[in-house]
Amino acid sequence: MSLAQWSNLFVYASMAMYALAFIAFAVSFAATRPSPDAAPVEGAVASEPAAVSAGAGATAGAVTTADAAARARAEARARSAQLEAEMAAEARRSRWGGGGAPGGSDEALAPGRRAANIGMSLTWLATGLLLAGLVARGLWSGRAPWGNMYEYSLASALAISGVFLAFSLRRDVRWLGLLVSAASLITLGIAVLLLYNDSPQLVPALHSYWLIIHVSAAIISGGAFTVGAAATVLYLIADRAERVPGARISRSIAARIPDATTLDTLAYRTNAFVFPLWTFAVIAGAIWAEDAWGRYWGWDPKETWAFITWLVYAGYLHARATAGWRGRKAAVIGLIGFASFLINYFGVNLFAGGLHSYAGL
Amino acid sequence: MTAGPLDRARGPLTDVPDDGSPIAPPPDSGLPEDAALGADWGSARRRRTTGMGPRLGPIGWLRWGWRQLTSMRTALALLFLLAVASIPGSVLPQRGTDPIAVVDWIDGRPELGATLDRLGFFDVFVAPWFSAIYLLLFISLIGCVLPRIAAHWRAMRQPTPPAPRRLDRLAGATTWHTDDAGVLEAASTVLRAQRWRVTPGRDGEGAVGSLAAEKGFARETGNLLFHIALVLILVGVGLGAVFGWKGTVIVREGNGFANTLTQYDSFSPGRLASTEALPPFAFTMTDFDATFEREGSQRGAPRSFSAQLAYTPEPGAPVQSRVVTVNEPLRLDGAKVFLVGHGYAPHLRLTDASGRVVFDDTVVFLPQDGTFTSTGVLKAPDASPQLGFTAILAPTAIIDELGPRSVFPAPDNPGLFVSAFTGDLGLDDGVPSNVFQLETEDLEQLGLEGLAPGQSWELPDGAGTLEFVALERWASFTIAHDPGKALALAGSIAAILGLMLSLFVKRRRIWVRVDAAPSTQVLPHGASAPVTTGEDPSDGSISAPATVYRVQVAGLSRTEAADVVGEVQQLVVRLGGPVKEASS
C-alpha cells in the first residue's frame, strides 16, 4: 500500500472518529439538564467560588484586621468595590468554563460530563489520525502537504481541531466540542467528496518555500477564525437568552454553555490572536506574489477577499472598543469577517477564477 | 487620583492613555467626545446667534467635520465601506488584470456594461470613489493617531499615580508584616530588574513609604507603530504607482528583447515614471521548456515552466546565462523580469506563386484553453497575390465532431489546421489592424488543410506553398520596476510588529506600600521574614527594638484579561511575603 493510500485510510478513520465525537458531544448536550430556574450567570458565580477568591478576594486571608478601621465609606472605597467586582468577574471569566456547561462540578451533570469526556478523547484521536494522514501525504509527495485544495482542506480541519484542543489544555471548552467536531467533519467531507486530488506534483506557481510559510499561516488563521466564529455564534445565543425572557431555544442552549461575557471574551481573544497571523499571511502572500507574478498586490480575487477579510476583522477589533458597538454588533461584524474568510477560501476558487485558482479546482 | 477603570475590552487603537491624567480623551472614547462636540456646538452658536447662514462658523464647521472624520464611528464606517467597495472588483472583470474579459463582459451586456464602465466598476481599485474612501480612512487614521502619539509621549513621561489609599481592593492584594526595613528598597530593585518603571512615592521616609510600578507601555507604542506603518505602506504603494513602470512582452524561442519602450507589447508607466531612461538590458530566450502532469485526475495540469535566457545587463557587457522560472525572476539593476505565461509559436515558411519565400519565421499563437488549443493568423501582404491564413494549432491533435482540437497541452502530436485566403488584406491603407485577427469578409477562401511539422501544403490555384517547419514556443514576461516596494515591505514588517505588541502586551501597575505596623502587632510565628533583632541588614535604619512594618502589595491590570495577579504574587514571594495557594 502506498503512502497516499495510507493517508487516505487515516483520513477516513479520522472522519469516522470525528463523527463519533460529534455524536458524543450531542449526547452530552442532550443529557445535560441544568436546573430550570438557574440563569446561566448566577450558575457561573455559584459554581466557581474558588475563582472569585483568586481575584480580588485573594486578600481575605492575608489582610490584617487593622484594616477594619477603614469602614467609613470613602469615595475611593466605592470605586474599589467596583474594581473588585470587575476583578472577580474577570477571574471568573478567565476560566472560560461555564456554569451549566458539561464541565461544572454539579453532580446532576454527570451523564453529560461523561459523554463530553468521551467526545474530547475521540476528538484527540480523530485529530491524531488526521495528522498521521497529512504526514503520510507529505512524505508521499515530498513537499508541504497543502499544495492543492484537497490537502488545504485536510490541513484546515486539522487546524480547527488543533486550535480547539490547544484551548482545551488550558481551559474547559468541552461545550465547544459539538461545533468544532461538526466543522472539522464538514471540512473533511468537502475535501474527500469534492476536492480529492491524486497528484503529488505542484503547479509551477507553487514551487516556492513561500508555500510553507504563506499557506500554513493562512491555514492556522482559518482554524482559529473558525473556533472564534463558533464562540461568537454561541455568544449571540447566550446574549439573546439573557436579554429575551421568551427565547426558549436560546435559553435552553444558553443553560448548557458559559455566560455571554465569557463567550464574548473567548471569541475576542481568539480573533485578536489570529489577526496578526492573518496579517502576516497576507503580507507573506504579497512577498510571494512579487516573486511569482511581478507585483506584490494585483487585486486578484483571492487577494481582494483576503483584504476584505482583513478589513472586516480590523473593524471587529475596533468595534469592540467603540461605545455603542461593543457586544452584539461587534459579534455580528466578527461573523461577517468569518463569512468573508469562507468566501475567500471556497468561493474564490469555485467561482471567481484568477491567479489563485490553480489549486486543483 | 486613583487609577481609572479597568481598561478591559479594548481593541488595538483604543488603549486609552492614562485616564487619571489631564490628557484629553482620544477621539474614540464615546461619551467624552460627544460632550466635547456639544461644547463646540454651544460656543459656535453663541457667536453667531443673529446669522442667517449656518449656525456654525467656518472654523466651527471645520472642527466639527474634523471631529466627525477622526471619530471611531467614522473610521468603522469607512473600513466597511472600503470592504464593500472592494467586492465589485472581485466579481466583475477588471481592466488592470484582464482587459479582454472586460471587453467581453461589456459586449455581452452593452447597456449595463456602459453604465458600470462610466461609474468605474471595471477599474474599481483606481476609481475616484474607491480612492476617496481609502484616502478619507487614512486621513481619519492620521487624525486619530497624531494626538495619541502626543498623549502617549506624555503618559510615558508622567509618573505612575501613587498608590491608592486602600490597596486591599486591588488585584492580588497581599499584606504581611516584617521587621525588614529594606523591603521597600528590595521591592524597587526587584521590579526594576524586571524592567518595571518604578515611581517612588513622595510619602516615603526611611523604610516607610510607597512605590508605584508600571509596565506595558509597549502596547500603545505598538498600536501607534501599527497605524503609522499602515501609512508607510500606503506611501510605498503610492510611490510605486507614481514612479514605477511595468510592461509585458512576448518573446519567441530564439528571439530577443531589448529594454526600450517600443519593444513592449504593452507598457504602463506611473504618472511620473521616467520612461526615457529604462535600464538598458537585453536578453534572448534560447530555450523554453514546459512539462505537464501525465497521470491521474490532474492530467494536463502544468508542472514546470522554465525559460533559458542569455542576457546582458547593459550594452557591451558579457553575455550571461540564466534560467527564469515562475518563482525565480531575473533580477537586474532597476528591474525584474518575471516569467508569466507561455504558448506555441509554429515556424511557418510561405512561398508565393512566383516561388519567392515571403515569410519564414515563428508565429505567436494564443492558447484558448487548458489543453493549449491555440489560434493564430499569418498575413503575407508581400506575396502576390496577397495571402492570409487563419489556423488552429493543437499540440496533441485529434479531430472529432467538435472539429480539430487538442487533448493534451504538451506537443505529443502537433497538428496545424489552416484556412488559406487570398485578396486585399487591407494592410496597405494604413488602418491599424489586430495582428491576431484576419478580417476574412472581403477575402476569397482558397481551402483548408491539416499539417504536421515538416509537412507542406501546395495552395490551390498555384497560389504558393505553406510549410509547417517546426513547432516552437513563446514565453511572456512581465518586466517591472517598483521603487516603493522596499518601503511597503518595511511598513508591512513594522505593522506586524506593532500589531503583536498592541495585542499581546498588557499594561499593568503594581503598588507597594510599607508603613509602620500598629504597636500591638506581633510578627506571626514562622513568618518568612527573618525575625532577628539588632542585625538589621539594611544600613541607615538602625532600630534596636525591632520596628515591625506592614507591607502591602497589589496590582491593577489596565488591559483586558491580563494576569497581574501572578506577577503580584511573584513579587510578594521575592520579598519574603506569604505564599499563596495556586489559584488556577
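B:Pro385 lies in the loop of chain B between β14 (374–380) and β15 (387–394); helices (H or I, at least four residues) and strands (E, at least two) are DSSP runs, numbered from the N terminus. This is a predicted model, in which local features need pLDDT of at least 70, side-chain atom pairs count only at pLDDT 80 or more, and totals for chains, interfaces and linings use all residues. Residues are numbered from 1 along each chain as its sequence is written, chains are lettered from A and ligands numbered from 1 in the order in which they are written, and side-chain values use heavy atoms, with hydrogens and water left out.

Q: What kind of peptide bond joins B:Ser384 and B:Pro385?
A: The bond is cis, with omega at about -5°.

Q: Why are α8(A) and α10(A) called roughly antiparallel?
A: Helix α8 (residues 210–243) and helix α10 (residues 260–293), both of chain A, pack at an angle of about 155°, with axes 7 Å apart. Angles run from 0 to 180 degrees between N-to-C directions, and axes are lines fitted to C-alpha atoms, for helices over the stretch in contact. Under 35 degrees counts as roughly parallel, over 145 as roughly antiparallel, 65 to 115 as roughly perpendicular and the rest as oblique. The pair is therefore roughly antiparallel.

Q: Why are α10(A) and α9(B) described as roughly antiparallel?
A: α10(A) packs against helix α9 (residues 485–504) of chain B at about 165°, with the axes 10 Å apart. These two helices are therefore roughly antiparallel.

Q: Which hand does the crossing of α10(A) with α9(B) have?
A: The crossing is left-handed, a label given if the near helix is turned anticlockwise from the far one by less than a right angle, with right-handed used if clockwise.
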